[in-house]
Amino acid sequence: MPAVNHQPNVRYTAGFFKRERDVLAAVREARRAGLQVHDVYTPFAVHGMDGAMGLRRSRLTWIAFVAGVMGLAAGLTLQIWTSVYDWPLNVGGAPFNSFPLFIPVTFELTVLFSGLIAIGMLLIRNRLWLFSKRRVFDRVTDDLFVCVIEQSDAASDVEEAVKVFAKHGAIRVTEGDQFV
Amino acid sequence: MPFKNFVSDREHKALMGLLALGALGFAAGLISHSARLWPSFLLNAFYFLTLALGAMVFVSIHHVSNAGWSTVIRRIPEAMMGYLPLGAAMMLFTFFGRQAIYRWTHEDVVHSDGVLSVKAWLLNTPSFYARMAIILAIWIAFMVLLRRESLWQDEDGRLEHTMSSKKISAVFLVVFALTFPLASFDWLMSVEPEFYSTIYAFYCFSGLFVSGIAAIAILVIWLRRRGVLPEVGEEHLHNLGKLIFGFTTFWAYIWISQYLLIYYANLPEETIYYIRQMATPGWYGLFLLNLFLNWIIPFVILLPRSAKRREGWLMTACLIVLVGHWLDLYLMILPQVGAAAMISPYDLTLGAGFTALFLYAFLRGLKQAALLPVHDPYLQESLALHAHEEAEAGVY
């Protein structure tokens, strides 16, 4: 384990793990020890991580729901306006306002709005838009799991974090202020 | 008292009561109104057969997809599969009432009807019931093979049984995909022999699968409340809830696909199917209720994550889906034989009797083996499904 430099302006301690269950255990223990887990970076979605980090429920579902309702309204308005009011179209003798015929387009637009807006909001919220300068840890998209702990004013924080990381088999511990 | 681990004395008596009620309804119908009784018999026989088949498809998909999470609940669909022979006998029993159900069994009607005489090579009594017997026998054979591997593994704990279950399931799914369309075309679609819809089999399958999973979920929750299946956690319920949520929507998707094309094309031999379902205010009411029970209500109930994880909400949604699927079959059969919209006492008493038969077969299956497949290599994975994190986090 490399020695850790104590610098006054350093704000985060990061532990690098090779195994999924190690990082899960480390996160749990860190929170139990009263440390502030800033975020955990993993190559894939780790089952149980949300609970271990004590994350609040994502509000993305509400965004997706509202976007879906918008898509629904847009789909219905588009079709009813164009083929009932603005330019009534006779399709196979069916009434102008043939609701069943409007369902496929309405459905597609609901899904499209909901999906695209949810993904867009996810990327914006995570600051992962195109040309984003957000820093990526080496190998974290490949085979490493990184747990980042926020340092508070308490002097013992860093040692505590390093201890937790070491106990759960971290292969490396670094500090920095560029993680956000 | 044969099933004392699972049901109390009183419940056992209630079950016998339901069975007696069914027998009584059947006898009364036979005497007074057999034209109404037999379509209702077909409805209930097919309905409960689909629950057993849904469970079998569930088990097969579990094996083929290497699913780990569902191992703790696998014995429940396996026990439900046990109804298959009884259900098959009930389907074959419609032979005695075929003239009240299928118009094409009347020779004079076939002779005077050009369309029916062309279809007579397929729709004639001997070949119809021969096909039915063959298809049912194939399904039962696969059921026995699958169940046997599972029970053998309990005894000797060998890995080979998991492997062969996988192979049997894969073959069954293909065979089922080929036989079930034929079965649904034969048994249900030919109730109105001039009507045809190529998506009909898919439609039947969507109903079969969602109601099968709903029945599994209800029985799992029931056993969990009894305290005999404490291994099932919120995560397992959540997975079942997700499947039910998804497949009610799948049902709605197939429903609209069938309705929309028939509406659009406006061909008389196709539209008659829906015209009969919407002809009177009574039928139209049931037609709309069907959409609410099978999709809109369960969709809204199961939309939030928390509802899929809570016994009460999940149970409510599943019961609604089960009633909805019954109503769906009611709408597929009864309008086509010219019945009135009003649900008759025969439908309900036969439904009660078949419920009792189904539960007997199910309880017998449960008793046959341990509730957990103790030597299944996936059991640990299934038991550990997020078992630790929720309590600790305390946020959900």
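The secondary structure of chain A comprises five helices and four strands, where helices (H or I, at least four residues) and strands (E, at least two) are DSSP runs numbered from the N terminus. Read along the sequence, these elements of chain A follow the order β-α-β-α-α-α-β-α-β. The radius of gyration of chain A is 25 Å, well over the 16 Å that the globule rule gives for 180 residues, so chain A is more spread out than a compact globule; the radius is taken over C-alpha atoms, and the rule is 2.2 Å times the number of residues to the power 0.38. The model is predicted, so that local features need pLDDT of at least 70 and side-chain atom pairs count only at pLDDT 80 or more, whereas totals for chains, interfaces and linings use all residues. Residues are numbered from 1 along each chain as its sequence is written, chains are lettered from A and ligands numbered from 1 in the order in which they are written, and side-chain values use heavy atoms, with hydrogens and water left out.

Along its principal axes, the C-alpha trace of chain A spans about 80 × 30 × 30 Å. Of the 180 residues of chain A, 34% count as buried, a class defined by a relative accessible area under 20%, with exposed meaning over 50% and partly exposed in between (1.4 Å probe, protein chains only). Among the contacts in chain A with a separation of 6 or more, 78% are accounted for by residues 24 or more positions apart, a contact being heavy atoms within 4.5 Å.

Ser83(A) is placed in helix α3 (residues 60-86) of chain A and is buried, with a relative accessible area of 14%. A polar atom of the Ser83(A) side chain lies 2.7 Å from the backbone oxygen of Gln79(A). When residues up to four places away in sequence are not counted, Ser83(A) touches Pro88(A), Leu89(A), Phe96(A) and Phe102(A).

Most residues other than glycine have a negative phi. Arg127(A), by contrast, has a positive phi near 55°; this residue lies in the loop between α4 (99-125) and β3 (145-150) of chain A and is partly exposed, with a relative accessible area of 42%. In chain B, Asn66(B) likewise has a positive phi, of about 55°, although it is not a glycine. Asn66(B) is located in the loop between α2 (34-64) and α3 (75-81) of chain B, and at 39% relative accessibility it counts as partly exposed.

Definitions and conventions. Polar contact = N/O pair within 3.5 Å; in protein donor to acceptor, adjacent residues only side chain to side chain.
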